[in-house]
Amino acid sequence: MFTTGCKRDENSSPTIGGETVDIMARLAPIDRTRNIGIMAHIDAGKTTTTERILFYTGITYKVGEVHDGTAVMDWMAQEQERGITITSAATTCLWRDHRINIIDTPGHVDFTAEVERSLRVLDGAVAVFDAVAGVEPQSETVWRQADKYRVPRICFVNKMDRVGADFARTLDQIRTKLQANPVALQIPFGSEAEFQGVIDLISMKVIRYADETLGAESLIQEIPESMMPEATTYREQLIEKVSEANDELLEKYLRGEPMADDDIIATLRRRVIESVRSEQAPFVPVLCGAAFKNKGIQPLLDAVVNYLPSPTDVPSVTGLDPTKAEETIVEREASDDAVFSALAFKILTDPFVGQLTFFRVYSGVMKTGASVYNPTKDRSERLGRILKMHANKREEINEVYAGDIAAAVGLKSMATGDTLCDRRYPITLEAMEFPEPVISLAIEPRTRVDQEKLGQGMAKLMAEDPTFRVRTDHETGQVVISGMGELHLEIIVDRLQREFGVAASVGRPQVAYKETLTKPSAGEGRYVKQSGGRGQYGHVKIRIEPGKPGTGFVFVNDIVGGAIPREFIKPVEGGIREAMTTGVLAGYPLDDLSVSLYDGSFHAVDSSEVAFKIAGSMAFRDAAKKAGPILLEPVMRVEIVVPEDYLGETMSDMKGRRGRIHSMEARGGTQIVTAFVPLSAMFGYATDLRSRTQGRATHSMHFFQYEPAPEQVSEEVVARVLGR
């Protein structure tokens, strides 16, 4: 029976619960392991890049193409039909005796939760940029997510063969738009249709590809004289960045002495890893290529090995000790010898094996058949099987080691963000936070049989997707599903039909409004019930203060002198939280406010937790009605790439949708317009834009923030809700 990580003395192999573990079963030692994610805006070429990586590392022998629906990593039917990545897919490959665990993440904003949970468990990332479009809105979103989890990263400027490709402009945008500290390790050799390869600024050689066929060998050549001035300029910038972080190399630089390539690489690696731990801008090496034309992939793999960290290069993971009443931080070293700890970051329902739990091992070793403890649910479970995943294909393995990413079968209680550990040495790792849904629609099963299937299907999809929510509208009896966007809900409905056989009617999308309060107020709630025998008594007085946008709910206990016993404070807070789910204006959830509990009274016999929970709810509703409730609407950041011929019409249409134009940028005969627009005005916009511009304009949209709705809009929404 498995109990802990592994124990080892100098003359023996490590053991798990008395059983010897073959440490050589690792594909590679932990210091030669890389856990990386591929992240980018939609259509930047993430999946195409990953497919080439799998080919050049020998995992696949026939490259799948996104446009053909044959990409290995886009295995869902919906992904193949639409040519986009919807769910993050994991795979493993080997390069230069290093094991690289790769997660290919979606680029569409509706599936940003997939990026969030992937970055939480990764040690490094490759940010892919379209050389024509540069830094796009979702590029900024995923970059901020990587900043949040302090993930070291490198950049790959893709599509250098396209008309309008501009490496220098993209490099500048990484600096200005992403607040990063980029350094070019390569510059393109040729441009657009003449793009033939890259100039390596460390070796100062050209890596040229004779043709565009898969597996074509690269040719190492001298830099032509015509390109030497540009290459020398970029090389100087690179050497300056290296010298900033290494005194020995700085002295060599000042004396004009040559630097060894290995010293440059080692210094760059240290800067990449250390920069994210400080307050300084992330230091990012930048490479370039054309993944679809099979150019630049091998140097990118070299860069992953050279510059991105192993699990031992990043700080040890920390968590809380769930057995201690006070907050006690526990640390786990990235070592096979340490006590076992892992984080479940993704749940997937597989039609053949049931629920799959994807997890990242931070410390220790885990073996098939072992018992693992989930401190979040206070439950131990036996691990049925461990699988190494390759997209939707799987390979059964006997154990996993520190730094590994794998999937487990048989863990029924696990949810996204739960910890797996040893019961004797419990630890609760930091979970993930996901954005709230901004769009809803009603779904109605056509038959009683469909109703049962709908319930089962939605339960499984909710377990998989933390941003998918289901509720029943008590007034209409309708089942309402909520998500991150129209495409998100469209995919959910499609999956319900295909995977669970649910025939259902779907209503029009509805905006997920919120409510907030605009002025301070006070409220009182008194719950007294006498019905023979013991009664119920709870009495609460509260004050409400509006909070700043994004601050959420803050509860303050200002009770002095024991007016309300300590054991009833938590139920009061619970009652207030429950009341906040249904606002006083139109029944939408309330947010961004502070509530202080300052007085009340209790009965020695009749008071109970239930009574104070109800009293708290009553007091909140009393105060909220007097606090100037207003409606908040989700506002989206929209970026439109439109030919100049259609700019005026597009701008006029934006203003007609209550949009605020934020910025405009000219780029090669097109204009990039950034605007902030209420979500309620954006339904069907993709179709309108296509027809308005003869299909020549594109747009992307992601959530920006909640803002007060204009009075007219608020009145219409309230009237519609109350008139149902």
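Contact means heavy atoms within 4.5 Å. By that rule, and leaving aside neighbours within four places in sequence, D653 is in contact with Y685 and R692. The model is a predicted one.

- D653 sits in helix α14, which spans residues 647-656.
- The relative accessibility of D653 is 14%. Buried means under 20%, so D653 counts as buried.
- The side chains of D653 and R692 are joined by a polar contact of 3.2 Å.

**Helices α14 and α15**

- Helix α15 covers residues 685-692. Its axis and that of α14 are 11 Å apart.
- The two helices pack at an angle of about 155°. Angles over 145 degrees count as roughly antiparallel, so α14 and α15 are roughly antiparallel to each other.
- The crossing of α14 and α15 is right-handed.
- On the α14 side, the meeting residues are E649, T650, D653 and M654. On the α15 side, they are Y685, L689 and R692.
- Sorted by class, this contact has three nonpolar residues, one polar residue and three charged residues.

**Helices α10 and α11**

- Helix α10 runs over residues 448-464, and helix α11 over residues 486-500.
- Their axes are 10 Å apart, and the packing angle is about 120°.
- The crossing of α10 and α11 is right-handed.
- From α10, the contact uses K453, L454, G457, M458, K460, L461 and E464. From α11, I492, R495, L496 and F500 take part.
- By class, the contact of α10 with α11 has six nonpolar, one polar and four charged residues.
- R448 is also found in α10. With a relative accessible area of 68%, R448 is over the 50% cut-off and therefore exposed.
- R448 and I544 are 96 residues apart along the chain. Their C-alpha atoms are separated by 45 Å.

**A mostly covered helix**

- Helix α9 takes in residues 297-307. In this helix, 10 of the 11 residues are buried, and α9 is mostly covered.
- The buried residues of α9 are I297, Q298, P299, L300, L301, A303, V304, V305, N306 and Y307.

- K412 has its place in the loop between β24 (405-409) and β25 (419-421).
- The relative accessible area of K412 is 67%, so this residue is exposed.
- Not counting residues up to four places away in sequence, K412 touches Q355 and E381.
- Along the chain, K412 and E244 are 168 residues apart.
- G384 lies in the loop between β20 (379-382) and β21 (385-390).
- At 23% relative accessibility, G384 lies between the 20% and 50% cut-offs, so G384 counts as partly exposed.
- G384 touches T368, G369 and V409, again not counting residues up to four places away in sequence.
- G384 and I53 are 331 residues apart in sequence. From C-alpha to C-alpha, they are 31 Å apart in space.

**Positive phi angles**

- Most residues other than glycine have a negative phi.
- Q179 has a phi near 55°, a positive value in a residue other than glycine.
- Q179 is found in the loop between α5 (167-176) and β8 (181-184). Its relative accessible area is 56%, so Q179 is exposed.
- R658 is not a glycine, yet its phi is positive, at about 65°.
- The loop between α14 and β38 (660-667) holds R658. Its relative accessible area is 33%, so R658 is partly exposed.

Key:
Residues numbered from 1 in each chain as written. Predicted model: local features only at pLDDT ≥ 70, side-chain atom pairs only at ≥ 80, totals over all residues. Heavy atoms only, no water. Helix = DSSP H or I, 4+ residues; strand = E, 2+ residues; numbered from the N terminus. Buried < 20%, exposed > 50% of the residue type's maximum accessible area, 1.4 Å probe, protein only. Polar contact = N/O pair within 3.5 Å; in protein donor to acceptor, adjacent residues only side chain to side chain. Axes fitted to C-alpha atoms, helices over the stretch in contact; angles between N-to-C directions. Parallel < 35°, antiparallel > 145°, perpendicular 65-115°, else oblique. Left-handed = near helix turned anticlockwise from the far one by under 90°. Nonpolar A, V, L, I, M, F, W, Y, C, P; charged D, E, K, R; others polar.
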